[in-house]
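Work through the exercises below with the sequence and model open. Each task is followed by its solution.

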Amino acid sequence: MAAFDNDLLALLPQLRRFARALARDAADADDLCQIAIEKALIARGQWQAGTRMDSWMYRIMRNSWIDTARSRTRAAQTFVDADAGIAVGVEGGAETSVALGEVDAAMQTLPDEQREAVALVLVEGLAYKEAAAVLDIPIGTLTSRLVRGRQALMAQLGEAA
């Protein structure tokens, strides 16, 4: 099982990015990441060696986020303001930080479905088929959400997109 642990550790940066895309808040993203990892460790016996751990983890994280959102809705709580996030990508100096902040802010304006599609395909680099499997939707639906999300980002970011 050491390979499982090593593979899971190697995925942490991607999982944190995806959690950030889903949660829109650094603290919520950290919580979501922790929840997903805890669930993966508990269910480690269900993961099959030779299959893609990243797709498995993205699905666990997405389902965890859906559970969290439903729980919050039931409790009538609100999400933290999207502008309350912290800087992402400190490497590259102030310009990179500003650019990443603009992209992050633009991503946060997307509807959940488009943001998930953009995060999995454009940020995490999953193939359309893999992203559709993670989201449990047909590839055509994923493509539509991705196109609408990309167009919205381009409209907001202009040439920078």
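**Exercise 1.** Classify Arg20 as buried or exposed, and find its side-chain partner.

Solution. Arg20 has a relative accessible area of 11%. Buried means under 20%, exposed over 50% and partly exposed in between, with a 1.4 Å probe and protein chains only. Arg20 is therefore buried. Arg20 lies in helix α2. Its side chain makes a polar contact of 3.1 Å with that of Asp104; such a contact is a pair of N or O atoms within 3.5 Å, one able to donate a hydrogen and the other to accept it.

The model is predicted: local features need pLDDT of at least 70, side-chain atom pairs pLDDT 80 or more, while totals for chains, interfaces and linings use all residues. Residues are numbered from 1 along each chain, and side-chain values use heavy atoms, without hydrogens and water.

**Exercise 2.** Describe how α2 packs against α3.

Solution. Helix α2 (residues 12-23) and helix α3 (residues 26-42) pack at about 125°, with axes 8 Å apart. That angle makes α2 oblique to α3; under 35 degrees is roughly parallel, over 145 roughly antiparallel, 65 to 115 roughly perpendicular, and the rest oblique. The contact (heavy atoms within 4.5 Å) includes Leu12, Leu15 and Arg20 of α2 and Asp28, Leu32 and Ile37 of α3. Its residues comprise ten nonpolar, no polar and four charged.

Terms used
Axes fitted to C-alpha atoms, helices over the stretch in contact; angles between N-to-C directions. Helix = DSSP H or I, 4+ residues; strand = E, 2+ residues; numbered from the N terminus. Nonpolar A, V, L, I, M, F, W, Y, C, P; charged D, E, K, R; others polar.
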